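Colleague: I have a structure open and would like to talk it through with you. Could you start with a term I will need?

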Amino acid sequence: MASNGNGGGHHGDSEVKTDIITLTRFLTEEQHRLGPHATGDFTLLCHALQFSFKSIAYYIRRATLINLIGLAGSSNMTGDDQKKLDVIGNEIFVNTMRGCGKVKVLVSEEEEEAIIFPGHGKYAVVCDPIDGSSNLDAGVSVGTIFGIFKLDDGAEGKAEDMLKPGTELVASGFTMYGASANLVLTMKGGSVNGFTLDTALGEFILTHPDMRIPKSKGIYSVNEGNSLYWTEPCKAYFESIKYPQEPGSKPYSARYIGSMVADAYRTLCYGGLFAYPADKKSPKGKLRILYECAPMAMVMENAGGLAVTSDQRRMLEVVPEHIHDRSGIFMGSYDEVTKVTDVFKKHGVVAK
Ligand code: FDP
């Protein structure tokens, strides 16, 4: 066998990688990079997170076979019907976060109140265990979104500890359960890295190091069924990309899955714009600040993109009024979000 000096070797026709970077290795290397003062608590928390992603991926894949599709017969605090998988995903998440001993406060989309764990955990976690669950029974990609805050020293842990802007997140990301399970992770001030679950090895493998969102791309992703309720600047922006006036310019392509994680992952990979604007029917928008908008905004910004609210404020600076607070959002490629802001500005909407 000939080695290629890059951790791989030639075995017959195919090249087998023997020096792969698993998420476990990646996290250990990150911890070592921080030096001796790093306690390993964050690393342990991330190990617990990855276990919950693997478990949720497993149940989603088997859902149709083991009667996990359909409604659980209950609704969550925001009034959405809960799917059986919503309930199971939430239980998995809550139990793994409790079990790791490093988390003090947990906010989940499926729980009305913040959960306070006993012990001395110094982290607070926000999550939507299965986002996009209205798509589940059709086998469409869904995902888990998460964000991690570090609590102040000696904080006893309460729901109010979570009413912070996204700029204070120490890490965030999501796992998309699609053709494969794709985990995207970013840490404060760091790069964005993508891992793919190798189901045979049971490991997330670093397959997309240092992800950068293309600076521009003519793709927009929005639920146009709401356009009747859109505000004037919002209508004007979408008109401008569908009916471009500049000579030689082409209209944008539309792509809307209706599952935020899947739409965000495609936007991160290909570029373009994802939006769920606030409108006259939902003046605060639909998506939740803590466990949908802020974690995604951190990923987009760390990948070189932008994320703003419907009033064009930087999404990461928004402080939620309560743990399930909502916001309008426009996020994606730098140039595309900038175009949104320019059109809104012409209509007098300027970030305060
Ligand atoms: P879902 O209702 O299926 O859970 O916030 C949840 C979410 O999906 C997002 O994942 C998705 O982007 C959005 O809502 C879809 O909303 P619409 O059906 O109104 O387009």
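Modeller: Let us begin with what the words for accessibility stand for: a residue is called buried when its relative accessible area is under 20%, exposed when it is over 50%, and partly exposed in between. Please keep in mind that this is a predicted model.

Colleague: Is Glu321 buried or exposed, then?

Modeller: Glu321 has a relative accessibility of 62%, and because exposed means over 50%, Glu321 counts as exposed.

Colleague: Which residue does Glu321 form a salt bridge with?

Modeller: Its partner is Lys284, and the closest N and O atoms of the two are 4.0 Å apart. This pair links distant parts of the chain, since Glu321 sits in the loop between strand E18 (306-308) and strand E19 (326-327), while Lys284 sits in the loop between strand E16 (273-276) and E17, 37 residues apart. Lys284 itself is partly exposed, with a relative accessible area of 40%.

Colleague: And what does the side chain of Asp325 meet in a salt bridge?

Modeller: That is Lys284 again, with 2.8 Å from N to O. Asp325 lies in the loop between E18 and E19, 41 residues apart from Lys284, and Asp325 is buried, with a relative accessible area of 3%.

Colleague: How many salt bridges does the structure hold?

Modeller: There are 17 salt bridges, and one of them joins the side chains of Glu109 and Arg288 at 2.7 Å, N to O. Glu109 lies in the loop between strand E6 (103-108) and strand E7 (115-116) and Arg288 in strand E17 (residues 287-288), so this pair ties together parts that are 179 residues apart in sequence. Glu109 is buried at 5% relative accessible area, and Arg288 is buried at 4%.

Colleague: New topic: which residues come nearest to the ligand?

Modeller: Of the 13 residues around the ligand, Asp131, Ser134, Asn223, Tyr256 and Tyr276 come nearest. A polar side-chain atom of Ser134 lies 2.5 Å from an oxygen atom of the ligand, and a polar side-chain atom of Lys286 lies 2.9 Å from a ligand oxygen atom.

Colleague: How much of the ligand does the protein bury?

Modeller: Taken alone, the ligand exposes 460 Å², and the protein buries 84% of that. The shell around the ligand is made up of 4 nonpolar, 6 polar and 3 charged residues.

Colleague: Last one: which residues form the nonpolar patch on the surface?

Modeller: Tyr58, Tyr59, Leu65 and Ile66 form that patch, with about 410 Å² of accessible area together. Leu65 lies in the loop between helix H2 (41-62) and strand E4 (71-75), and Leu65 counts as exposed at 68% relative accessibility.

Terms used:
Residues numbered from 1 in each chain as written. Predicted model: local features only at pLDDT ≥ 70, side-chain atom pairs only at ≥ 80, totals over all residues. Heavy atoms only, no water. Patch = residues over 30% accessible without salt bridge, like charges linked within 9 Å, V, L, I, M, F, W, Y side chains within 5 Å. Areas by Shrake-Rupley, 256 points an atom, 1.4 Å probe, with all protein chains shown as cover. Helix = DSSP H or I, 4+ residues; strand = E, 2+ residues; numbered from the N terminus. Buried < 20%, exposed > 50% of the residue type's maximum accessible area, 1.4 Å probe, protein only. Near = heavy atom within 4 Å. Polar contact = N/O pair within 3.5 Å; in protein donor to acceptor, adjacent residues only side chain to side chain. Nonpolar A, V, L, I, M, F, W, Y, C, P; charged D, E, K, R; others polar.
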